[in-house]
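Me: I'd like a close look at a single spot here, followed by a walk through its surroundings and another part. Could you take me through it?

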2 protein chains.
Amino acid sequence: MAKRITNRSEDYSQWYLDVIKEAQLAEHSPVRGCMVIRPTGYALWENMKGALDQMFKETGHENAYFPLFIPKSFLSKEAQHVEGFAKECAVITHSRLQSAEGGVEVDPESRLDEELIVRPTSETIIWDSYRNWIQSYRDLPILINQWANVVRWEMRTRLFLRTMEFLWQEGHTAHATEKEAVEEAEQMLEVYRTFAEEYMAMPVVTGLKTESERFAGAVDTYCIEALMQDGKALQAGTSHFLGQNFAKAFDVKFQDRNGEHRYVWATSWGVSTRLIGGLIMTHSDDNGLVLPPKLAPVQVVIVPIYRDDEQRETVLEYARPIQESLKEKGITVKLDNRDNYKPGWKFAEHEAKGIPVRIAVGPRDVENGNLELARRDTLEKSIIPAAGISEHVSELLETIQAELYGAAKKRMDENTREVDSYEEFKKEIENGGFIYAHWDGSAETELRIKEETKATIRLIPLNSDSAEGACMVTGKPSKQKVLFARSY
Amino acid sequence: MAKRITNRSEDYSQWYLDVIKEAQLAEHSPVRGCMVIRPTGYALWENMKGALDQMFKETGHENAYFPLFIPKSFLSKEAQHVEGFAKECAVITHSRLQSAEGGVEVDPESRLDEELIVRPTSETIIWDSYRNWIQSYRDLPILINQWANVVRWEMRTRLFLRTMEFLWQEGHTAHATEKEAVEEAEQMLEVYRTFAEEYMAMPVVTGLKTESERFAGAVDTYCIEALMQDGKALQAGTSHFLGQNFAKAFDVKFQDRNGEHRYVWATSWGVSTRLIGGLIMTHSDDNGLVLPPKLAPVQVVIVPIYRDDEQRETVLEYARPIQESLKEKGITVKLDNRDNYKPGWKFAEHEAKGIPVRIAVGPRDVENGNLELARRDTLEKSIIPAAGISEHVSELLETIQAELYGAAKKRMDENTREVDSYEEFKKEIENGGFIYAHWDGSAETELRIKEETKATIRLIPLNSDSAEGACMVTGKPSKQKVLFARSY
């Protein structure tokens, strides 16, 4: 098979698209900016969803489902919120088509009284419901999550990283006190960090967004940021402390223990199919996708090698108990017994699809009681005895998971540095990576840095041990260094 | 607690809405025709989804995700299809809002070149992708399912049964031969029948729709039909043999083993949140929701009964090991230790929510080593020893599942009859239920019966043992009796 994946060093963007194509994760759809998530990509999303959903439930959240459509008037109720989303709305204006020459046209008689917006996020429609659900402190907290599709009319899209429609989860919680809401927002940030690091093997840094990067309608936006192989940052998840902004916009009050009526405190938090983009760019190589075992839809593939029907039968008979013993160990294993593809072709396909471990068995292995084991991440191969294979593979999968994280963490650490002067900053930012530097806290300076270097403040670290200092641009006082990077 | 659920005999429609409200399954949203699925309702849907998804995967299907939006021109490609859906389309015409006095208005500059339709079903967008995926017989079959939301602009909506937006799954398969596609459509009908009967405990009859009731674009529509407590039929799931209609509309051909290019054969099949409506109306009673154990989000609730803190501690200490032993048995059990509600209040709530089994424990039970067991379906109570409780409850849940099905089957059978004359038919249809009668096979007669009696042909039975006869209306020859009912 000719090399179908562009090398990262040649063209990183093309490499990203090639990896997605060869792993059959997704493709562009005829609807501009939307994607088709193919079975392999969707199976990956199902695994991510499953792990996250369990973590949400363990922290006391329940799933629910709110309408896809938001009345236009709802969006305007929270001033910051509408400002943030007005420019990227899919607007529904009519409800019927009628026959026309060569096809159909919109029936002008079906114009809606009030336009509907396809949800870009659901705070407004959800807080409208919460008004009816909340009367007393006994009704609080409300801890709800929703798995849904949302639409933001993006002009420049890229598979998984930025698409017009994307799949995500959005948590929306309501609390009696500010403290409880802040704790919730921080707890969910921690859930995201744990998921990114322990499941995706993707190290992240955590912190707060600056005012200009905050979610439209939030008091504070917490985030996890990851560093991709090309040195650009990826915002991978956000958790918002919304204060009483939406409670005030939708008039949601509760009677507290003393009988007083108070506005409710809120959070919202979300991660999306964008995470798949982050996963790809954290681990994959010039041969294609590399997946952490904990999320891989298929963890082990067994490829039989034979020349004729007789050998085929012998080898398959040898392979089947190996498959069974792995299954019994809880490992997801596939026996690739397709007869119309050659082993080499299969190897390349499984490599491109990122299956963590490949086992190959041929007639000589049958004779010797061996098998060939290949790791997708390191491409290392070894011949080992088939006896005790399930134990061996089980440990190997854990090793791979840990080493993928280790390698990504090492790369992030090596590409994270501190600078003290703006000159140094401008030089360093060209090499990519995370850069800590002092900033005076003003939106003006932030904007100037962005315009001059294309770098943005990814986050203000929480509990930073950085000393006070002077802004690298203006020399004004700065309490702590903040994290800069160019980003997706 | 005052009776909050209208009796079925008084007002069946109000009863249905009351059951949903008191069980907190769903509610109307401010967006006309859309609903909010509340956590209890969504947990039920998750259980249904989980069981169905496993059955789909066991029959070789994979999940994928296609765009929410369909270009207007796609819909027109299959003539029957567009005719069926044109009158109920949510049409997106603009992509931005702008500030206006007192809120926001649509930005006229953001008019789209081609309008987008929110998917009412996904055949067109999916077959457009299949064209790129299918070249050779080696690429077939494609066995894909999608869990998604769809929108049909319905004017008269009812929670779960008919809503503008609803959640569903839609399978879309592509095959090399007609035979294989027909077998797939029939297989999925059988999956739906199994799910309805074995999980929902809802007996169904299966068969083919008449031409006028067929899915827009199908050659044949298979369906499962259930009978609700008010004697009306509910179409609960459909599986379509689409012939080559969509392959021709989207030019999807494959090269067969002989090198010839042929159009691909197709099926599609779906069930939706409508099933929840069917579930409610199959089992529930004047006290609220009744759920089959296999789908109940909570299968057993334990209610501690006490007068003071000391008793509370004693009773809870007694209850916890009971809870643990049930959990170990794989039973979903909740210990309702809320201190701010009285036992009577809790009983009513659990009854309204349809929890299949309730265990109550008080100080006297602690002394005697007993507990009180109550069945939600029959409302029977008994005092039994706490020893061996998990075994007992496990068997009881199976009994309840079987008896719910049995009761529903008995009701369906008792309300199914055959008639030979139209006069008899017109009398019998007033009593509700399923009626088998001869029909001459013409759309005219079918329409006349519908106009005169509000009854429709629910299905033409497969492999019927009914003898040939004469149409009850026209006296023309009829090959077999078909199934009539008034329906939702």
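Where is the place of B:Asp107 in chain B?

Reply: Happy to! This is a predicted model, in which local features need pLDDT of at least 70 and side-chain atom pairs count only at pLDDT 80 or more, while totals for chains, interfaces and linings use all residues; side-chain values use heavy atoms, without hydrogens and water. Residues are numbered from 1 along each chain as its sequence is written, and chains are lettered from A and ligands numbered from 1 in the order in which they are written.

B:Asp107 sits in the loop between β7 (103–106) and β8 (111–118) of chain B (strands are DSSP runs of E, at least two residues; helices are runs of H or I, at least four; both are numbered from the N terminus). The relative accessible area of B:Asp107 is 6%, so this residue counts as buried (under 20% is buried, over 50% exposed and in between partly exposed, with a 1.4 Å probe and protein chains only). Leaving out residues up to four places away in sequence, B:Asp107 touches B:His94, B:Arg96, B:Leu97 and B:Gln98 (contact means heavy atoms within 4.5 Å). In the chain, B:Ser122 is 15 residues away from B:Asp107, and their C-alpha atoms are separated by 29 Å.

Now over to chain A. Its secondary structure comes to 14 helices and 27 strands, and the C-alpha atoms fill a box of roughly 80 × 65 × 55 Å along the principal axes. Buried residues make up 59% of the 488 residues in chain A. Among contacts between residues at least 6 apart in sequence, 69% join residues at least 24 apart. Chain A carries 60 positive and 78 negative side chains, with the centres of the two sets 2 Å apart (Lys and Arg are positive, Asp and Glu negative, and His and the chain ends are not counted; the places used are NZ of Lys, CZ of Arg, CG of Asp and CD of Glu).

One helix of chain A, α14 (residues 443–453), has A:Thr445, A:Glu446, A:Ile449 and A:Thr453 as its buried residues. They cover an arc of only 105 degrees around the axis, which puts them on the same side of α14(A) (the arc is that of the directions from the helix axis to the C-beta atoms). A:Glu444 and A:Glu451 are exposed on the other side of α14(A). The packing partners of the buried residues of α14(A) are α13 (422–428), β24 (456–461) and β27 (481–485) of chain A. Just after α14(A) comes A:Lys454, with a positive phi of about 65 degrees.
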